[in-house]
Amino acid sequence: MKKHNFSAGPCVLPQSVLEKAAAAVTNFNGLDLSLIEISHRSKDVVEVMNTARELALEHLGLQNKGYQALFLQGGASLEFLMVAYNLLDKKAAYLNTGTWATKAIKEAKMFGELVEVASSKDKNFNYIPKNYTIPEDADYYHCTTNNTIFGTQINEIPETTVPIASDMSSDIFSRMIDYSKFDLIYAGAQKNMGPAGTTLVVVKEDMLGKVEREIPSMLDYRVHIGKDSMFNTPPVFAVYVSMLTLQWLKDLGGVSAIEKINEAKATLLYSEIDINPLFKGFVENPKDRSKMNATFNLTDESVKERFDALCKQAGVHGINGHRSVGGYRASMYNALPLESVEVLVEVMSELERTS
Ligand SMILES: *Cc1c(COP(=O)(O)O)cnc(C)c1O
């Protein structure tokens, strides 16, 4: 039986998607050829790329609004610098909410003046800073909507006239927010959309072409847009699996439908963390808690061995916390079934009953 996969990334994907992907590796679209051995210029593969790009915009409600969707390589980590390369002319404003935001800041600093508008580093990133000022003359403001490692999530997008760029690697397509507030969104596929190997970038075209510097072709969003995201050989398999996941999401009823399931999963797990005396949440303000990655600790380390053993017995996989936080982290991405959370919660309450 398949384990309950709470991994933070690469993450759980729908079983039906895995099966379709496996079949396409041996025989794609009845062509008697593998998806991964045919030309990326062939009609069937071009269609995969176009469908994936359209579905991404459709799920975000950004069709026909001046946005382009691209499937690039290099991970979200390459976007840390690509965003700045393409958008940072003089000054950029960044919110520092964790490891990934810190890395994004480090890269962007190479391209111009960087203002850190606020940081939650003083408390090991266990909260989302609020009431900070975004300089009006910034080329853009950058935030990480969900902090995968620390388990915090931004629930209020600041009101500003400055364009917003955002790393949504770990919560894209998980909730209904007004995505049109963002001018650029990027997300590594392996958290909530597909396998590692591709990164979705959604960018408003009128943001581009405003910087003075020359941009190398592979790092220039306009070049990728001009070639319909096929400037060079795209990661065909990763895009295909992402497309299947986006279709799965559409069949389910889209982002609004998955949001309800995600709320149910998060409510169930956080209630257990709050009522069970053996556990304590890492993020104290419930408003800042991530619905994707729940971070928590044991209050009594002496039960750790037994908790780990119970988890293993129940098929609960991947809940060890990141080394910078410790404790546990249960990731509840779109494809994680509610039943998996029920199993974890049952293990947590069994631990209490038998302590
Ligand atoms: C995982 C993650 C990254 C890094 O993604 P790569 O694709 O490995 O470069 C960046 N930002 C966030 C929020 C993440 O969760």
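## Basis of the description

Because the model is predicted, local features are given only where pLDDT is at least 70 and side-chain atom pairs count only at pLDDT 80 or more, while totals for chains, interfaces and linings use all residues. Residues are numbered from 1 along each chain as its sequence is written, and side-chain values rest on heavy atoms, with hydrogens and water left out.

## The ligand site

The shell around the ligand holds 13 residues, of which Ser77, Thr148, Asp167, Gln190 and Lys191 come nearest; a residue is near the molecule if one of its heavy atoms lies within 4 Å of it. By class, this shell has 3 nonpolar, 8 polar and 2 charged residues, where Ala, Val, Leu, Ile, Met, Phe, Trp, Tyr, Cys and Pro count as nonpolar, Asp, Glu, Lys and Arg as charged, and the others, Gly among them, as polar. Helices α3 (75-87) and α5 (189-192) each supply at least two residues of the shell, and the largest share, 4 residues, comes from α3. Helices (H or I, at least four residues) and strands (E, at least two) are DSSP runs numbered from the N terminus.

A polar side-chain atom of Ser77 lies 2.6 Å from a ligand oxygen atom, and a polar side-chain atom of Asp167 lies 2.6 Å from a ligand nitrogen atom. In the side chain of Gln190, an N or O atom is 2.9 Å from an oxygen atom of the ligand. The protein covers 87% of the 390 Å² of accessible area that the ligand has on its own, as computed by the Shrake-Rupley method with a 1.4 Å probe.

## The seven-stranded sheet

An open sheet of 7 strands has the order β2-β10-β9-β8-β5-β3-β4 and mixed pairing; two strands pair if DSSP finds at least two bridges between them. The edge strands are β2 (67-72) and β4 (113-119), each of which pairs on one side only. Neighbouring strands are turned by 15 degrees against each other on average, direction ignored, with axes fitted as lines to C-alpha atoms and angles running from 0 to 180 degrees between N-to-C directions.

Strand β2 runs antiparallel to β10 (residues 199-204), and 6 bridges join the two.

Strand β11 pairs with β12 (residues 293-298) over 3 bridges in the antiparallel sense, and Gly281 stands opposite Phe296 in β12.

The model has 11 aromatic pairs, counted where rings of Phe, Tyr and Trp (its six-membered ring) have centres within 6.5 Å; planes under 30 degrees apart count as stacked, over 60 as edge-to-face and the rest as tilted. The rings of Phe279 and Phe307 have centres 5.1 Å apart and planes at 70 degrees, so this pair is edge-to-face. Because Phe279 lies in strand β11 and Phe307 in helix α9 (residues 304-314), the pair ties together parts that are 28 residues apart in sequence.

## Backbone details

Most residues other than glycine have a negative phi, and most peptide bonds are trans. Gly9 and Pro10 are joined by a cis peptide bond with omega of about -10 degrees, and Pro10 is placed in the loop between β1 (4-5) and α1 (15-26). Asn64, although not a glycine, has a positive phi of about 55 degrees and lies in the loop between α2 (43-60) and β2.

Methods:
A polar contact is a pair of N or O atoms within 3.5 Å; within protein, one must be able to donate a hydrogen and the other to accept it, and residues adjacent in sequence count only if both atoms are side-chain atoms.
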